[in-house]
Amino acid sequence: MPFAKALGLPPGQAVRVLVIDDEVMLRRTLADYLEDMNCLTALAANGAEGLEVLERFAPDVVMVDLNMPVMDGYAFIERVRVRAPELPLIVVSGVGAVDKAVEAIRLGAWDYITKPVSRFAVVEHALSRVLERARLLRENRNYQHNLEALVDARTDELRDTRRQILYSLGKAAEYRDNETGRHVIRVGEMCAALGLSLGLDPARVEMLREAAPLHDIGKIGVPDHILLKPGPLTPAEWAVMQRHCEYGCMILSQPLAEGQTEAVVCTIAGPLPARGAEQRLMPLAQTIALSHHERWDGTGYPKGLPGESIALEARIVSVVDVYDAVGNHRPYKPAFPEDACQRIIRQGAGTAFDPAVVEAFFAELKTVLYYKDRWRDVPAHGVAKF
């Protein structure tokens with residue numbers, strides 16, 4: 001019987017069998033038979049000796065007696081099950097009581113052969129059966145491993161695709177008034193640094209990193225003559241500019257119930273429902289787009305929310321967005337020097353900004369400055385250093 005085939009071994013590789021029995025004659029008889037069947041064998045006289053041989057021989061299957069001196073078969077089975085849970089074990093014993101066989105199976109034996117072994121066809125059948133089972137277990141384990149690896153790879157691919165889509169969306173809006181589009185990268189990285197400093201869990205920080213770049217997606221809905229106007233806006237133009245928060249909320253809105261519109265969701269009184277660490281990415285991006293121009297003192301827009309009624313992620317984006325905007329060139333203003341940028345943030349604590357977020361900003365200032373330099377604006381025709 002081709003035992004190697006039953007186990008699924010490659011051609012030329014033999015099945016390794018450890019025989020443990022205190023009867024020398026039976027031990028040798030079983031070994032001779034197995035070797036005639038092209039198996040490699042190792043022998044042991046008791047369970048303790050069998051454990052030693054097990055370590056150096058690495059068998060594919062073990063045939064073990066129950067009644068032996070030093071360490072019996074029951075103790076051997078219990079210990080092997082801890083070391084090698086999937087190693088096939090066949091009990092070969094003269095114990096005739098059914099309850100002994102049941103006990104051995106309960107401890108982890110795979111099959112049971114009674115002594116005296118008068119027909120080797122019984123041994124052949126038992127070996128083939130346990131080796132086939134071992135092969136199926138191994139193939140199932142490999143299948144599960146490969147499936148998990150495939151799922152992980154697909155998940156990573158989808159995550160990377162989602163991240164690229166979100167970045168492209170944010171950059172599309174930013175190109176309206178910033179020719180490089182790097183503002184969205186800086187905002188995402190700086191916000192993540194502040195989120196970590198404020199104690200957000202890693203999953204929530206990662207969502208903030210991906211959602212923050214979409215804060216100004218609503219600028220797509222603002223006419224060029226207002227968005228790119230080099231001088232001060234009129235009150236009417238400013239009212240249109242402020243609508244970009246609601247536009248962004250509506251652009252990022254999820255499928256709604258029949259008869260409900262994005263405008264209803266994005267203009268209701270109060271903040272959008274917050275879900276903490278469990279909040280999904282797009283609702284978080286929607287919340288940030290709607291609320292990143294709210295102020296700590298309640299004088300911001302579009303809803304005039306005060307203090308902690310503003311989502312924490314929006315409060316973080318508010319600080320980072322202002323800092324990065326004043327420190328870089330825009331059609332309506334030149335870039336401010338670094339000391340002026342920091343002064344604006346510090347002076348805004350308690351009025352425009354959450355004091356705790358401002359404190360985190362300066363605690364992470366070294367990181368903030370790193371991202372400001374790493375992703376500094378360059379002309380669109382310049383060389384991008386990714």
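**Ring pairs, salt bridges and confidence**

Tyr 301 has a relative accessibility of 13%, so Tyr 301 counts as buried; buried here means under 20% relative accessible area, exposed means over 50%, and partly exposed covers what lies in between, with a 1.4 Å probe and protein chains only. The model is predicted: local features need pLDDT of at least 70, side-chain atom pairs count only at pLDDT 80 or more, and totals for chains, interfaces and linings use all residues. Residues are numbered from 1 along each chain as its sequence is written, and side-chain values use heavy atoms, with hydrogens and water left out.

Confidence comes before the contacts. The pLDDT, the predictor's confidence in each residue on a scale from 0 to 100, has a mean of 84 over the protein, and 82% of the residues reach 70 or more. Helix 12 (residues 262–267) has the lowest confidence, with a mean of 55, while helix 16 (residues 355–363) has the highest, at 97. Helices (H or I, at least four residues) and strands (E, at least two) are DSSP runs numbered from the N terminus. Over residues 268–279 the pLDDT is below 50, and the model gives this stretch 22 contacts beyond near neighbours in sequence; a contact means heavy atoms within 4.5 Å. Residues 380–386 also have pLDDT under 50, and for them the model has 10 contacts beyond four places in sequence.

Next come the aromatic rings. The whole structure holds 5 aromatic pairs. Rings of Phe, Tyr and Trp (its six-membered ring) pair if their centres lie within 6.5 Å; planes under 30 degrees apart count as stacked, over 60 as edge-to-face and the rest as tilted. The pair of Tyr 33 and Phe 120 is stacked, because the ring centres are 4.7 Å apart and the planes stand at 20°. Tyr 33 belongs to helix 2 (residues 24–36) and Phe 120 to helix 6, so this pair ties together parts that are 87 residues apart in sequence. Tyr 33 is buried at 12% relative accessibility, whereas Phe 120, at 28%, is partly exposed.

Trp 238 and Tyr 301 form an edge-to-face pair, because their ring centres are 5.8 Å apart and their planes stand at 80°. This pair links distant parts of the chain, 63 residues apart: Trp 238 sits in helix 10 (residues 235–242), and Tyr 301 in the loop between helix 13 (281–291) and helix 14 (312–326). Trp 238 is partly exposed at 39% relative accessibility. Elsewhere, ring pairs join Tyr 323, Phe 361 and Phe 362 into a cluster.

Charged side chains give another set of links. Side chains of opposite charge can pair when their charged atoms come close. With a salt bridge taken as a side-chain nitrogen of Lys or Arg within 4 Å of a carboxyl oxygen of Asp or Glu, the count comes to 22. One of them joins Lys 115 to Asp 21, with the closest N and O atoms 2.8 Å apart. Lys 115 is in the loop between strand 5 (111–114) and helix 6, and Asp 21 in the loop between strand 1 (16–20) and helix 2, so the pair ties together parts that are 94 residues apart in sequence. Both ends are buried: Lys 115 has a relative accessible area of 16%, and Asp 21 is at 2%.

Lys 115 also meets Glu 23 in a salt bridge (3.2 Å, N to O). Glu 23 lies in the loop between strand 1 and helix 2 and Lys 115 in the loop between strand 5 and helix 6, so this bridge ties together parts that are 92 residues apart in sequence. Glu 23 is partly exposed, at 40%. A network of salt bridges links Asp 21, Glu 23, Asp 65 and Lys 115.

Glu 206 is partly exposed, with a relative accessible area of 25%, and Arg 209 is partly exposed at 25%.
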